[in-house]
Amino acid sequence: MILASRPLRLVMGFIAAAVATVAPGATAQQPAAAAPDTATGMPSRARATGDAWLDGRLADIDQYAARYPEAFAAELERYAGVPRGYVHGLLAQPGWGGGDAWFACFLARATEATCRSVVRARTMAGADADWEQVAEGFDARPGSQAWLAMRLALADSYRRWSRPLEPDAALSRALRARAQDESEAAKRDRH
């Protein structure tokens, strides 16, 4: 049996480490639309909202809902007005992940619809319909007031979950504007 010298073992260790770090990166470079969403089994394009930043957060919500189903259901019950049983039932349906349930229920809240009506609209739109198409049916497009309300609701959900969130420029502006409005309202209430 031949033992490798220490320098040779170090070189082989570096090569193994390099291969281990390159291999995952190679798969991550595949186009997102080509790969199915792991939480829902649906093609990623079917999850598209027309807002790339929001799409990324919905994928993260899938992971959160899978790991903390009760906390997720409690969030939708308390802040979107949807019974926990309905949330659990929705997540048990093929093609529905936590991000989809969150989007449907908070889209409903932002447009003064019911979560059931948004779920029904998405189901009737068919498997190829994306969230952008469904949202347009509720007069909610990226940049609209309803869209802004959903982004703020997302920031609130992340805060309650103690989940890190890096807001994009649009959400940062909306959060500053909301903080300023709340500050001005507090000043008026004191006087």
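This is a guided tour of the predicted model shown above, from the whole chain down to single residues.

Before selecting anything, note that residues are numbered from 1 along each chain as its sequence is written, and that side-chain values use heavy atoms, with hydrogens and water left out. Because the model is predicted, local features need pLDDT of at least 70 and side-chain atom pairs count only at pLDDT 80 or more, whereas totals for chains, interfaces and linings use all residues.

**Whole chain.** Show the protein as a cartoon: there are nine helices and zero strands, where helices (H or I, at least four residues) and strands (E, at least two) are DSSP runs numbered from the N terminus. Of the 191 residues, 33% count as buried, a term that means under 20% relative accessible area, with exposed meaning over 50% and partly exposed in between (1.4 Å probe, protein chains only).

**The core.** Next select Ile-61, Phe-72, Leu-76, Trp-102, Phe-103 and Cys-115, which touch the most other members of the 41-residue largest nonpolar core; such a core is a set of buried Ala, Val, Leu, Ile, Met, Phe, Trp, Tyr and Cys residues joined through side-chain atoms within 4.5 Å. Among the helices that each supply at least two residues of this core are α2 (52–67), α5 (98–111) and α9 (169–190). Centre on Phe-103, which, leaving aside residues up to four places away in sequence, touches Thr-49, Leu-54, Leu-58, Trp-131, Ala-135, Trp-147 and Met-150, contact meaning heavy atoms within 4.5 Å.

**Helix α3.** Now select residues 69–80, the helix α3, and pick out Phe-72, Ala-73, Glu-75, Leu-76 and Ala-80, which are buried. Seen down the axis of α3, these buried residues fall within an arc of 150 degrees (taken from the directions from the helix axis to the C-beta atoms), so they line one face of the helix. An α-helix has 3.6 residues a turn, so residues three or four places apart point the same way. The cover over the buried residues of α3 includes α2, α4, α5 and α8. Just after α3, select Gly-81, which takes a positive phi of about 75 degrees.

**The loop between α6 and α7.** Finally, go to Asp-130 in this loop, which counts as buried because its relative accessibility is 16%. A polar atom of the Asp-130 side chain lies 3.2 Å from the backbone nitrogen of Glu-132.

Key:
A polar contact is a pair of N or O atoms within 3.5 Å; within protein, one must be able to donate a hydrogen and the other to accept it, and residues adjacent in sequence count only if both atoms are side-chain atoms.
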